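Reader: I have a structure open and would like to learn how to read its features. Please take them one at a time.

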Amino acid sequence: MPPFSLQLSHEQIDSFAREGYLRLKAITTADEVERVCGVYDRLFAERRGREVGDQFDLAGADEEDRPAALPQILHPSRYASELADSQIRTAGEAIARALLGPEATFIEDHAILKPAGHGAPTPWHQDEAYWDPGFEYRSLSIWVPLQEATIENGCMQFVPGSHRGEVLPHHAIGHDPRVHGLEVDAADVSGKVACPIPAGGATVHHCRTLHYAGANLTEAPRRAYIMTFGLPPRALGTPRHFPWREQRRTAREARSRRSRPAGPRVDP
Ligand code: NI
């Protein structure tokens with residue numbers, strides 16, 4: 001018997017609809033966590049994806065000669081097929097289908113590493129603020145820590161019910177257009193709930209749920225692997241306007257542009 005069940009209860013499904021997030025104690029085995037951890041550390045150590053803009057500093061200006069405040073890799077499963085073939089992916093798909101319906105599919109994954117002792121906080125934001133405002137989204141992200149996630153090392157925190165509102169105005173972290181990461185301009189986070197979970201557990205959040213993760217104040221790295229699943233986006237008759245997206249001028253985008261032919265992309 002595996003030490004976990006991929007079957008969500010009615011209570012969990014209702015709770016996600018009401019609160020916009022869920023906390024799950026285990027979606028994979030300790031063995032797989034250890035394997036994925038090795039893959040994860042290798043991708044960061046080898047700076048995989050850096051030259052095409054898939055590895056960068058989420059919270060800093062992403063300068064070549066300075067250590068990243070918050071190293072991130074987009075699409076890590078493109079660089080390590082073990083991630084695509086993992087139990088974590090299978091479990092994620094089952095969770096997404098239970099919450100969004102049987103049409104939900106994998107959209108993308110990313111990895112956010114908070115280095116020991118200095119990993120920066122991930123400020124309050126809604127994931128949808130990163131995306132093309134011309135579409136309506138029905139999606140969620142599943143955040144899987146590869147060690148225990150605690151308040152001290154930067155576990156996820158959510159504002160219950162915030163997914164039922166609109167996308168709020170955001171700006172680049174520190175109001176620096178060279179920074180990829182976004183922060184909400186203003187939001188009432190007084191009802192926030194911190195979600196410590198064991199290694200190989202997961203939190204699930206709707207693409208509009210306000211969320212945050214603190215700095216890593218511990219002596220060990222905090223590794224999180226994140227998968228996004230969703231239904232196909234629908235074009236909006238009247239597109240919204242997300243000026244914070246247009247104002248961004250990141251080194252990551254420049255590397256991505258240099259390496260790829262022109263065309264639409266959806267960034268996480
Ligand atoms: Ni996020």
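Reader: Is Thr28 buried or exposed?

Author: Before that, two notes on the source. This is a predicted model, in which local features need pLDDT of at least 70 and side-chain atom pairs count only at pLDDT 80 or more, while totals for chains, interfaces and linings use all residues. Residues are numbered from 1 along each chain as its sequence is written, and side-chain values use heavy atoms, with hydrogens and water left out. Now the general idea: buried means under 20% relative accessible area, exposed means over 50%, and partly exposed lies in between (1.4 Å probe, protein chains only). Thr28 has 5% relative accessibility, so it counts as buried.

Reader: Where is Thr28 in the fold, and which side chain does it have a polar contact with?

Author: Helices (H or I, at least four residues) and strands (E, at least two) are DSSP runs, numbered from the N terminus. Thr28 is in the loop between β1 (21-24) and α2 (30-45). A polar contact is a pair of N or O atoms within 3.5 Å; within protein, one must be able to donate a hydrogen and the other to accept it, and residues adjacent in sequence count only if both atoms are side-chain atoms. The side chain of Thr28 makes one of 2.9 Å with that of Glu32.

Reader: Which residues coordinate the nickel ion?

Author: Donors are N, O and S atoms within 2.8 Å of the metal (3.2 Å for Na, K and Ca); water is not among the atoms, so sites may look incomplete. Here the nickel ion is coordinated at 2.1 Å by His125 (NE2), Asp127 (OD) and His211 (NE2). Along the chain, the donors have the spacing H-x1-D-x83-H.

Reader: Are His125 and Asp127 buried or exposed?

Author: His125 is buried at a relative accessible area of 6%, and Asp127 counts as buried at 12%.

Reader: Where is each of them placed?

Author: Arg47 is in the loop between α2 and β2 and is partly exposed, with a relative accessible area of 39%. His175 lies in the loop between β9 (170-172) and β10 (182-184) and is exposed, at 62%.
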